[in-house]
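Have the viewer open and follow along.

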Amino acid sequence: MYLTGKGALKNPEKAFDWFLQAARRNVPEAQYWLADCYAHGRGTTKSDREAMRWYRIAAGNGHIEAQTVTGLALLYGVGLQKNEKEAAVWLEKAANAGNARAQYYLYKQYRNGTGLPANPDTAMQWLERSARGGWPDAKKQLGLIRLDRYLRKKDNLPQATEAVTWLKDIAQKDPKTMHLLGTLYQDGLIVRADPEEATRWYRRAAEAGDANGQNDYGQMFFSGKGVAQNRKEAARWFDKAARQGHAEARLRLAVQLLAGDGIAADPEKAVSLLQQAALTGNPKAETLLGAAYAGGTGVEQNTAKALYWLEKAAAHSEPNAQYELSRIYQDGQLVPKDELRARQWLEKAAENGQRDAQYRLGMAYRQGTGTNRNDGKACEWFAKAAKQNLAAAQYAYGNCFLHTPDNPADRQKALHWLTLAAGQNHAAAQFRLAVLYAGDSDGKHGTQALKWLEKAAENGFVDAQYWLGIFCHDGVHVPQNLKTARRWYRKAALQGHPGAQYRLGLSLLDGEGGDKNPQEAFGWLEKAAENGVAEARYLLRQHGHSGNRSVAAPAPAHDWPEKIPRQIPARP
């Protein structure tokens, strides 16, 4: 009462006096509290020596908590000379009497073989008893062991589920456990995946100062999973984690600073963060730092440092670094061009899953660049990159199935991959789809053909603009509209399409879709003639620049091309 102030005015000195009198009468509880007074300097002068003397006396008289304190003092050499064997004696007495803390430390002795022969089975028995007795460290340890076992062997789900419950119990005061629970809910491990619940646990860990929690909470804001996307808030939490030395957070914040994503661009600060992260051996940071030195982004351009960091990351099998090295040796701008080295790094990057490298390697096999042409291998590499959602590779892989256009299964595969690429605004894929749908003999897919042709044209694909002009002029799958036809001819003509230049010239000469303009008309006809359109040369020879066309010139044929154009951009 005097010690705690409950039921009487708090008076540590009086409490000490009463404990001393009772302790001298050999009352174990009084001996324990007398030791506690000496240990914490409550009501008397602090004295570790006296504290341990009375703890041992109380322990000898059967006081369970005193036995535990004595065992721990002997185990770690705090206040008593270290003696692991004697520590085990006292801890076992308290453990057998049901003290959960003693049970936990006895588990550690059996696990590590300190003061006792190592015995994993006995260790686990004590750990389970301690956990069920409510000792937080035991709950956490046993919970982690059971989680690890379940994730490795996928057995005993009830025990793993119980482990999650224990972790929730102790998480209130343990930020690392809060973060672990967030990971379980984010990845759907043992519990049902729940981004919002994951975010709640990450937030609690982050607010409690856990760097991993801050990093992952920031990532939830960055991705918009479990919380409304907010790149500025993401950067704020990445910054908090980065200040604690979290390498991944430094990397993520650097990426945002380089791109000005949600925050003001600051290349110099980004490079500083990358340098810190790279020094911890983070391959992605090494890669970005190397790229910064190569391009002089946020730092003075330095080829030697660029190669140093990129090669360091590449040695860690970082595929993006391998790909960058391939480009550097292929381009020959920073170092003398070395196609052998470029090919070696390209192959390594592709084998390690870098999708751009896989696509470029496929193109090398398709075109026979630096190797024998091999369409089979080309399609194999296109497939790998396509499955990683690279639009250019999806387009190229779709083309692989067009070698057998009469095979319905291959046609469906081609449509599948081309549609994926077209959905990512790949204009060539959109045009290819238009060609395929418009070429159907049953004519049932005219709407699809027009849809993809319009998308490709709007994305600047010159062949699509030309053919959309023809569709509008002739009323194919769309009501005839000469004004719109002229607009698309003009767009294609400005990109140098000879057929569009000729048709725009005819439109201006005849006044189809707008006012007549003979001067401009003959200007476009001359361009078309220079670009090899025989019909344009015919018309110019017949009429010069008089602006009067008395004999109609034949229009260029505009059937869908028998062979689908296969041009593929060199880079995605």
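## The disulfide

Searching the whole structure turns up one disulfide. Keep in mind that this is a predicted model. The bond runs between Cys379 and Cys400, with an S to S distance of 2.0 Å. It ties together distant parts of the chain: Cys379 sits in helix 21 (residues 375-386) and Cys400 in helix 22 (residues 391-400), and the two are 21 residues apart.

Which hand does the bridge have? The torsion about the S-S bond of Cys379 and Cys400 comes out at about -100°, so this disulfide is left-handed. As for burial, Cys379 has a relative accessible area of 14%, which is under the 20% cut-off, so Cys379 is buried. Cys400 lands on the buried side too, at 12% relative accessibility.

Cys37 is buried, with 0% relative accessibility. Cys472 also counts as buried, with a relative accessible area of 6%.

## Helix 20 against helix 21

Helix 21, the one that carries Cys379, has helix 20 (residues 355-367) for a packing partner. Their axes come within 8 Å and cross at roughly 165°. That angle is over 145 degrees, so helix 20 and helix 21 are roughly antiparallel to each other. The crossing of helix 20 past helix 21 is left-handed.

On the helix 20 side, the contact is made by Arg355, Gln358, Tyr359, Leu361, Gly362, Met363, Tyr365 and Arg366. Helix 21 answers with Asp375, Lys377, Ala378, Cys379, Trp381, Phe382, Lys384 and Ala385.

## The largest nonpolar core

How many residues does the largest nonpolar core have? The count is 76, and the residues with the most contacts inside this core are Tyr359, Phe382, Tyr397, Phe431, Leu453, Leu468 and Leu525. Helix 24 (residues 427-438) gives the most to the core, with 10 residues. As background, nonpolar side chains tend to be buried together in soluble globular proteins.

## Helix 24 against helix 25

Helix 24 packs with helix 25 (residues 446-458) at an angle of about 155°, their axes 8 Å apart. This makes helix 24 roughly antiparallel to helix 25. Helix 24 goes past helix 25 in a left-handed crossing.

Who touches whom here? From helix 24, Ala427, Gln430, Phe431, Leu433, Ala434, Tyr437 and Ala438 meet Gln448, Ala449, Trp452, Leu453, Lys455 and Ala456 of helix 25.

## Two positive phi angles

Most residues other than glycine have a negative phi. Asn156 goes against that, with a positive phi of about 55°. You'll find Asn156 in the loop between helix 8 (136-153) and helix 9 (157-170). Its relative accessible area is 36%, so Asn156 is partly exposed.

Ile190 is another non-glycine residue with a positive phi, here about 75°. Ile190 lies in the loop between helix 10 (175-187) and helix 11 (195-207). Is Ile190 buried or exposed? Ile190 is buried, with a relative accessible area of 19%.

Note on methods: Residues are numbered from 1 along each chain as its sequence is written. This is a predicted model: local features need pLDDT of at least 70, side-chain atom pairs count only at pLDDT 80 or more; totals for chains, interfaces and linings use all residues. Side-chain values use heavy atoms; hydrogens and water are left out. A nonpolar core is a set of buried Ala, Val, Leu, Ile, Met, Phe, Trp, Tyr and Cys residues joined through side-chain atoms within 4.5 Å. Buried means under 20% relative accessible area, exposed over 50%, partly exposed in between (1.4 Å probe, protein chains only). Helices (H or I, at least four residues) and strands (E, at least two) are DSSP runs, numbered from the N terminus. A disulfide is a pair of cysteine sulfur atoms within 2.5 Å. Axes are lines fitted to C-alpha atoms, for helices over the stretch in contact, and angles run from 0 to 180 degrees between N-to-C directions. Angles under 35 degrees count as roughly parallel, over 145 as roughly antiparallel, 65 to 115 as roughly perpendicular and the rest as oblique. A crossing is left-handed if the near helix is turned anticlockwise from the far one by less than a right angle, and right-handed if clockwise. Contact means heavy atoms within 4.5 Å.
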